[in-house]
Amino acid sequence: MSLRWVIAGTVVAVGAAFGAVRMRRALGDPFAQAEKELDMRDRTLREEHPDTVALRHQAHYLSETGDLAGAVDLSERLLAERVRALGEDHPQVLTTRHNLANLRGRAGDAAGAAEAFERLALDMERVHGADYIDTVMSRRAAVRWREEADGGGRNTE
């Protein structure tokens with residue numbers, strides 16, 4: 001192999017390496033955003049008071065054992081604590097609102113569930129946008145519980 005080919009191959013390899021470095025800088029580390037979001041989530045959960053974590057577990061337990069009214073009561077307390085600690089628009093607060101609205105419907109308050117999901121859908125759209133999956137799910141749940149409240153829906157989740 002001639003020296004000319006060795007030099008040409010080396011130039012191509014070095015050029016490819018520099019191109020890869022430039023591309024990585026331009027695109028960023030594909031896992032960096034995920035790690036950043038997980039760090040924020042973990043920090044939030046670590047900062048959450050242990051009593052709030054206990055409320056979440058107790059509400060889930062009551063829901064699973066069929067005490068939906070008790071689960072609703074504990075979930076309302078959990079929501080109030082999360083709003084106080086995290087603010088109205090935090091993803092954990094929006095998720096808690098979703099779960100509470102669903103519990104209301106399962107506990108027999110279809111109209112209350114529909115109203116809660118309608119308000120949640122508006123807030124989800126404001127925070128995340130109209131096409132965000134949780135916004136769409138909240139709208140669908142509002143329609144489902146509204147139909148149930150009006151007597152035309154099925155009792156499914």
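This is a predicted model: local features need pLDDT of at least 70, side-chain atom pairs count only at pLDDT 80 or more; totals for chains, interfaces and linings use all residues.
Reader: How do helix 5 and helix 6 run relative to each other?

Author: An angle over 145 degrees between N-to-C directions counts as roughly antiparallel. The axes of helix 5 (residues 91–106) and helix 6 (residues 110–128) cross at roughly 160° and come within 8 Å. That angle makes helix 5 roughly antiparallel to helix 6. Their crossing is left-handed.

Reader: Which residues of helix 5 and helix 6 meet?

Author: Contact means heavy atoms within 4.5 Å. On the helix 5 side the residues include Leu94, Arg97, His98 and Ala101. Helix 6 contributes, among them, Ala113, Phe117, Leu120 and Met124. Sorted by class, this contact of helix 5 with helix 6 has nine nonpolar, five polar and four charged residues.

Reader: At what angle do helix 6 and helix 7 pack?

Author: The angle is about 160°, and the axes of helix 6 and helix 7 (residues 133–149) are 8 Å apart. Helix 6 and helix 7 are therefore roughly antiparallel. Here the crossing is left-handed. Residues in the contact include Phe117, Leu120 and Met124 of helix 6, and Ala141, Ala142 and Trp145 of helix 7. The contact of helix 6 with helix 7 has 12 nonpolar, three polar and seven charged residues.

Reader: What sits over the ring of Trp145?

Author: For a charge to sit over a ring, CZ of Arg must be within 6 Å of the ring centre and within 35 degrees of the ring normal. The charged end of Arg144 is over the Trp145 ring, 3.7 Å from its centre.

Terms used: Residues are numbered from 1 along each chain as its sequence is written. Side-chain values use heavy atoms; hydrogens and water are left out. Axes are lines fitted to C-alpha atoms, for helices over the stretch in contact, and angles run from 0 to 180 degrees between N-to-C directions. Helices (H or I, at least four residues) and strands (E, at least two) are DSSP runs, numbered from the N terminus. Angles under 35 degrees count as roughly parallel, over 145 as roughly antiparallel, 65 to 115 as roughly perpendicular and the rest as oblique. A crossing is left-handed if the near helix is turned anticlockwise from the far one by less than a right angle, and right-handed if clockwise. Ala, Val, Leu, Ile, Met, Phe, Trp, Tyr, Cys and Pro count as nonpolar, Asp, Glu, Lys and Arg as charged, and the others, Gly among them, as polar.
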